[in-house]
Amino acid sequence: MRLVFAGTPEAALPSLRRLIDSPRHEVVAVLTRPDAAAGRRARPAPSPVAKLASEHGIPVLRPPSPNTDEFIAELTELAPDCCPVVAYGALLSERLLAVPRHGWVNLHFSLLPAWRGAAPVQAAIAAGDTVTGASTFRIEPALDSGPIYGVVTETIRPTDTAGDLLDRLADSGAELLERTLDGIEDGTLTAVPQPSEGVSYAPKITVEAARIRWDLPAHVVERRIRAMTPNPGAWTMIGDLRVKLGPVTVDDDAEPLAPGEIRAGRDGSGKQAVWFGTGTHPVRLGWIQPPGKKPMNAPDWARGARLDDTARAR
């Protein structure tokens, strides 16, 4: 099939690579978000998908909005049979959805109808789910509600960050997407409506939502930090400084601490450690990143920070 691939971040790259290499399909163009500021100098840079497409000599389309008359005419001229989508990052109008004869097929990183929306991987980890997956479905105007072509499942490991889990789903989802497009071309695959029960939503994570609430139970704090790692990054205030935090471990044997209270010392085996108080048990911090610095080991940070009995995270 003639394909116009829509995607933007690194999570879309395994799917794009697989379709470029597919002997059955031709990626005639790539649709991605406009160049965005990146790096310390905040200079506009192409998206990961745009870079990969350019390396393979594939035309890159970067409309500020894909729903304009001009872009719809441009897509119509390309005459795609189908438009596969992986984390493109913009809503699509009904007129645009009607252009390819096989529609737009989205790879979504959850087992739909669970966790519809922009942050399904983060939501699954934060909720304490033990199993998630990826789904391919035909896009309809309503959010992630279209009929499903296929799914793959993935176990959520106890130490998974959102980055870890997304990497695995991006790989297994790429294979699922290719199989889905093969089945659509063959006429052997039929989309099945999503069940009406079990619907949940995973909206885009705001910076404020990534702030850690230390009054929550320790297991909730631990999951939320993993869910926010690496993006957008879990954070807290310590004094006047906003710092990012890496994954923590719940320490049932640690000395009790008030929510947000910080203590540095030695654990039962004599190793240096840093604990933060929560609504239940303390959590042991792995790494911390003060503003303008690289992430550092928590005990090293504590020595430089010269913590006292009044140290609090909030």
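What follows is a short chat about salt bridges in this predicted model.

Biologist: How many salt bridges does the count come to?

Modeller: The rule takes a Lys or Arg side-chain nitrogen within 4 Å of a carboxyl oxygen of Asp or Glu. Arg 24, Asp 182, Glu 185 and Asp 186 even link up in a network of such bridges. By this rule the count comes to 15.

Biologist: Asp 35 and Arg 62 meet in a salt bridge; how many residues apart in sequence are the parts they tie together?

Modeller: Their side chains come to 3.0 Å, N to O. Asp 35 sits in the loop between strand S2 (26–31) and strand S3 (36–38), while Arg 62 is in the loop between strand S5 (60–61) and helix H3 (69–78), so the parts tied together are apart in sequence by 27 residues.

Biologist: Which residue forms a salt bridge with Asp 300, and is that partner buried or exposed?

Modeller: The closest N and O atoms are 2.2 Å apart, and the partner is Arg 303. Exposed needs over 50% relative accessible area. With 51%, Arg 303 is exposed.

Biologist: What is the relative accessibility of Asp 215, which pairs with Arg 213?

Modeller: In that salt bridge the closest N and O atoms are 2.9 Å apart. Arg 213 is partly exposed, with a relative accessible area of 48%. Asp 215 also counts as partly exposed, at 45%.

Definitions and conventions. Residues are numbered from 1 along each chain as its sequence is written. This is a predicted model: local features need pLDDT of at least 70, side-chain atom pairs count only at pLDDT 80 or more; totals for chains, interfaces and linings use all residues. Side-chain values use heavy atoms; hydrogens and water are left out. Helices (H or I, at least four residues) and strands (E, at least two) are DSSP runs, numbered from the N terminus. Buried means under 20% relative accessible area, exposed over 50%, partly exposed in between (1.4 Å probe, protein chains only).
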